[in-house]
Structure formats: C-alpha cells, structure tokens
Amino acid sequence: ALRDDPDGGPDAWFNGRSSSENLEEARSYLEHWALHTFDEGQTEFDSPHYLSFFLAPLAMLYGYARDERVRSMAETLLTLFVADFAADQLDGLYVGAFSRIYPEPTLERWRNGSTTYAWLLFGNIPLRPDAINRILPRIGYRPHGMAAVLALSGYEPPLVVEAVAARRPEVSRHVERHHTRRRLRYARPVEPIRKTTYLTHDFAVGSVQGGILQPIQQHTWEVLWKTPDPFDGYNVLFTVHPYSNPKELGMYFPEEPLLATAQLAKSEKPTYDQPGKWTGGSPFERVFQLDNTVVALYDIPPGERFGFISGYFSRRLERSLSDASPWIVGAADGVLIGYYPLAPYSWEDEPGGDQRLHSPHAKNGAVVITVSRSAYPDTQSFRAALDATGLSYARYPAPRVSLTTLAGDEVTCDFISGMRVNGDPRHPDDWPRYGGDFMTVTAGGDIQIAGTGADPVVLRRDALRLS
C-alpha cells in the first residue's frame with residue numbers, strides 16, 4: 001500500500017494511520033535500533049544461526065530502499081555485522097561465545113547458516129554440494145536460502161573486511177561488548193556482555209564472562225580447532241553447567257514461570273530441561289580468558305536441580321592421562337589441549353564416540369590451555385610445560401585459581417573478586433565496544449576496521465541517522 005499510494009490516508013492502512021505516519025514511525029524504530037546497536041552492541045550477538053535474520057533484512061533495505069539515508073544506514077550496519085563475523089571465524093566456521101546456538105550445530109559448526117555466508121562473503125570455505133548431498137537425508141542440511149537475499153542486494157564487503165577473514169596474521173585478538181536481552185522479571189542491574197576471541201591459524205578460543213546473558217541457547221566459551229575438512233565437525237571443547245530453572249525463563253518469557261519449563265520442553269526447546277544438554281548459561285558460572293588460557297569456575301548452591309558440570313570431549317580428541325600429573329592432555333589434528341579439572345570426575349559415553357567429563361561437585365571448574373601442535377615436539381613435553389605453570393587452586397569458600405601462563409603472565413581468577421593479570425585487576429567497566437587487532441572505536445564514536453594491510457574503513461555513526 002505504501003508503494004502504490006505513498007500519500008495514502010488512514011483508510012489505506014489497517015491501523016488507521018496515513019502512509020506518512022507509518023513511514024515516520026518505521027523510520028524512528030530503525031534509527032533507534034541502529035544507533036543502539038552501533039553504540040551498545042546486540043542482544044542476539046554473534047549467533048551462527050540467527051546471523052541471517054540481521055543480514056537478510058538489512059540487505060533488503062540496502063538493495064531496494066528508495067531513501068538514500070536508509071540505504072546508507074543499511075550499508076553501515078551490514079559492514080559492521082560482516083566485519084564482526086569476519087573477526088570471529090576460523091576458515092569460515094563461526095567461533096567463540098554465542099548468544100544463541102542449537103545443540104547439534106554446537107558440535108558440528110558447519111551446520112549453521114553462517115557457513116553459507118562465509119562462502120558467499122569471504123570465499124574461505126567451500127559450498128561442498130557433494131557433502132550436502134551425502135548428509136542431506138540424515139540432517140537436512142542445505143545452503144542457507146536467505147543468503148540469496150544478500151547476494152541479490154548488490155552489497156559487497158570492503159576489501160579490508162575480506163582481508164580480516166582470509167588474510168589475518170598468525171595470531172589475532174578480537175574484543176567486543178554487547179548487552180543482554182531485555183528482562184521481563186528479576187531485572188536487577190545486569191553488566192554488559194564482555195566477549196573475547198583469540199585466533200591462530202590452527203584454533204580459536206572464545207568466551208564471555210558467564211552468568212545468564214541470554215536464555216536457553218547461550219554458549220559461554222569454547223576451544224574450536226581446524227580440521228582437514230571443515231565439514232568434519234566435532235572439533236570443539238567446552239564445559240557447561242546444565243542450569244534449568246523457572247527463574248531463568250521468567251526473566252525473558254511472559255508465561256507463568258512455574259509453568260514455563262514444561263511448556264517449553266514440549267515445544268521448540270526440548271533439551272532445555274535435560275541434564276545432558278550441551279547449550280545454556282548458568283548464573284553460577286564465571287569464565288576468565290587471557291589469550292589461549294581459559295579459567296571456568298562454578299559455585300552451584302545447594303538445591304539446584306543439576307548440581308554438576310559437564311565437559312565435552314570430542315571423538316576427535318585423543319586423550320592422554322598421567323598418574324604423575326593432574327592435567328588431561330588432548331591431541332587432535334593440529335592442536336594440543338591441556339585440561340585441568342578442579343574436582344573429581346568420571347567419564348560417560350556419548351553418541352558417536354564422544355565422551356562427557358562428568359564432575360558431580362557444586363564447587364568446581366577447569367583450566368584449559370590450547371596450543372598449536374607444532375609448538376611442542378610431543379605430548380610429553382607439552383605436559384611438562386603445563387606442570388610448570390605451577391597451577392594452584394582452592395574450591396572453598398569459593399573456587400579460585402592461580403597459575404603462570406605459558407606466555408609467562410601471572411594470573412589469578414576468583415569466582416567472587418574476578419581476574420588479576422600480573423597483579424593488576426581486570427576492570428569490567430574498561431571493556432571497549434570493540435578492541436583488538438581489527439576493530440576499534442574512535443574518539444568520535446565511529447568504528448574503524450583496519451589491521452590487515454588493506455586500506456582501513458571507518459563506519460560513521462552519523463550514517464545511521466534517518467531524521
């Protein structure tokens with residue numbers, strides 16, 4: 001109706017407003033969302049599945065909006081989202097911590113829609129029709145159709161963004177800040193989401209700080225490594241406290257909290273209330289990261305339904321144990337991973353040959369250090385280096401860990417008081433909107449993309465204004 005009669009009166013619209021009134025309201029909504037996203041980040045941040053639901057609508061605006069201001073806004077946000085994705089992917093696979101991801105694609109990362117976008121935007125992962133045909137009857141994977149909207153829109157990322165994805169240095173870091181989804185209940189002050197991603201050519205380590213930041217499908221931290229074929233899958237390690245509580249659902253869903261769990265389990269999120277789930281956040285989890293070192297601490301109060309933690313150990317990971325060392329050493333493809341459990345555990349078999357590290361202790365945690373396999377001649381020398389970190393810990397009154405990283409930094413992580421590096425506390429308030437090797441915020445509030453040798457690009461905040 002707006003296209004056919006841009007000056008149409010109230011009788012042309014279901015809500016009784018004129019075309020100009022509806023257009024102005026839509027413009028104000030878009031401008032508010034664009035500026036808030038640019039300044040504070042997303043609520044559904046870095047989701048390998050839901051990336052499409054941001055890129056495709058923006059592509060429609062970029063390709064077909066008549067108002068040049070709307071096209072400029074759409075182009076600016078498209079480049080922002082694509083650059084952020086480029087900095088958080090390893091050869092086309094989205095890596096790190098996510099606001100939302102489904103259980104199966106957590107373990108087989110290529111199964112997300114973001115993989116199609118990486119092929120389209122960066123060309124650093126194959127589309128692989130043969131692999132698609134091979135597995136289609138089993139899991140229904142196919143190239144993500146919404147990527148066609150972006151392809152037809154005429155949008156192309158700047159060369160510097162393509163370089164972030166395809167020509168990054170041997171080691172890179174990406175830091176960003178987002179905000180949690182709006183809460184309907186229990187809306188005490190919530191800190192911003194602080195995300196870190198550390199990437200090499202062999203692996204990526206990424207995390208957010210823990211806590212309930214998004215409902216149900218949060219993925220708090222991981223190590224993901226490169227495989228000979230990106231369609232191999234099962235190339236990830238992480239821990240999870242399978243938190244299930246009506247209070248979490250009451251934060252974000254309008255239903256009566258005491259009824260929401262059963263209702264949700266019967267509908268679209270059947271894994272939420274299962275003790276063996278591999279996705280979800282926990283208010284009793286704190287995660288700290290310094291480059292390739294992750295410390296995940298848990299302090300689960302009495303009475304919680306699932307008072308234990310689980311570690312996902314892939315079928316690809318060849319584990320090595322030693323009576324003389326508490327470190328579990330894993331070797332897979334081009335990586336070596338050291339996992340230090342803070343509490344006793346047992347192994348449980350998972351489908352397909354994976355194993356679950358099950359630790360039934362409320363005060364718990366793990367320290368995980370990842371290196372390229374080429375950094376050490378064998379697993380024994382890597383274990384010796386891990387033992388030399390001098391790791392010490394206490395589980396009571398709250399979990400606490402101290403160690404010297406392989407790079408020589410003195411790190412202390414405390415569930416209550418936070419993280420210190422070489423004696424200096426890490427202040428959450430100092431977390432930048434963007435930081436690291438590729439994206440930074442200028443003094444004027446614009447966002448610069450650089451650091452790859454290609455000409456830098458500055459995303460102007462003023463380009464988002466529609467009024």
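This is a predicted model: local features need pLDDT of at least 70, side-chain atom pairs count only at pLDDT 80 or more; totals for chains, interfaces and linings use all residues.
Trainee: How are helix 2 and helix 3 oriented relative to each other, roughly parallel or roughly antiparallel?

Mentor: Helix 2, covering residues 52-64, and helix 3, covering residues 68-87, have axes 8 Å apart and pack at an angle of about 150°. Angles over 145 degrees count as roughly antiparallel. The two helices, helix 2 and helix 3, are therefore roughly antiparallel.

Trainee: Which class of residue makes up the contact of helix 2 with helix 3, and in what numbers?

Mentor: On the helix 2 side the contact includes F54, L55 and L58, while helix 3 contributes residues including R71, E75, L78 and F81. Sorted by class, the contact of helix 2 with helix 3 holds 2 charged residues, no polar ones and 13 nonpolar ones.

Trainee: How is helix 3 placed against helix 8, and which residues of helix 8 make the contact?

Mentor: The axes of helix 3 and helix 8, the latter spanning residues 159-166, come within 7 Å and cross at roughly 20°, and the two helices are therefore roughly parallel to each other. From helix 3 the contact takes T79, V82, A83, A86 and A87, and from helix 8 it takes V161, V164 and A165.

Trainee: Which strands stand at the edges of the sheet of 9 strands?

Mentor: The sheet is open, its pairing is antiparallel, and its strands run in the order 14-15-10-7-6-5-4-3-22. Each edge strand has a single partner strand, so one side of each is left without a neighbour in the sheet, and these edge strands are strand 14 (346-349) and strand 22 (434-436).

Trainee: What is the bridge partner of V175 in strand 22?

Mentor: Strand 3, residues 171-178, pairs with strand 22 in the antiparallel sense over 3 bridges. For V175, the bridge partner in strand 22 is G435.

Trainee: Which strands of the sheet does helix 3 touch?

Mentor: Helix 3 packs on the sheet, and its direction makes about 135° with that of strand 3. The strands touched by helix 3 are strand 3, strand 4 (193-200) and strand 22.

Trainee: How many residues apart are the partners of the salt bridge that K195 forms with D88?

Mentor: Side chains of opposite charge can pair when their charged atoms come close. In the salt bridge of K195 with D88, the closest N and O atoms are 3.1 Å apart. K195 lies in strand 4 and D88 in the loop between helix 3 and strand 1 (89-90), so that the pair links distant parts of the chain, 107 residues apart.

Terms used
Residues are numbered from 1 along each chain as its sequence is written. Side-chain values use heavy atoms; hydrogens and water are left out. Axes are lines fitted to C-alpha atoms, for helices over the stretch in contact, and angles run from 0 to 180 degrees between N-to-C directions. Helices (H or I, at least four residues) and strands (E, at least two) are DSSP runs, numbered from the N terminus. Angles under 35 degrees count as roughly parallel, over 145 as roughly antiparallel, 65 to 115 as roughly perpendicular and the rest as oblique. Contact means heavy atoms within 4.5 Å. Ala, Val, Leu, Ile, Met, Phe, Trp, Tyr, Cys and Pro count as nonpolar, Asp, Glu, Lys and Arg as charged, and the others, Gly among them, as polar. Two strands pair if DSSP finds at least two bridges between them. A salt bridge is a side-chain nitrogen of Lys or Arg within 4 Å of a carboxyl oxygen of Asp or Glu.
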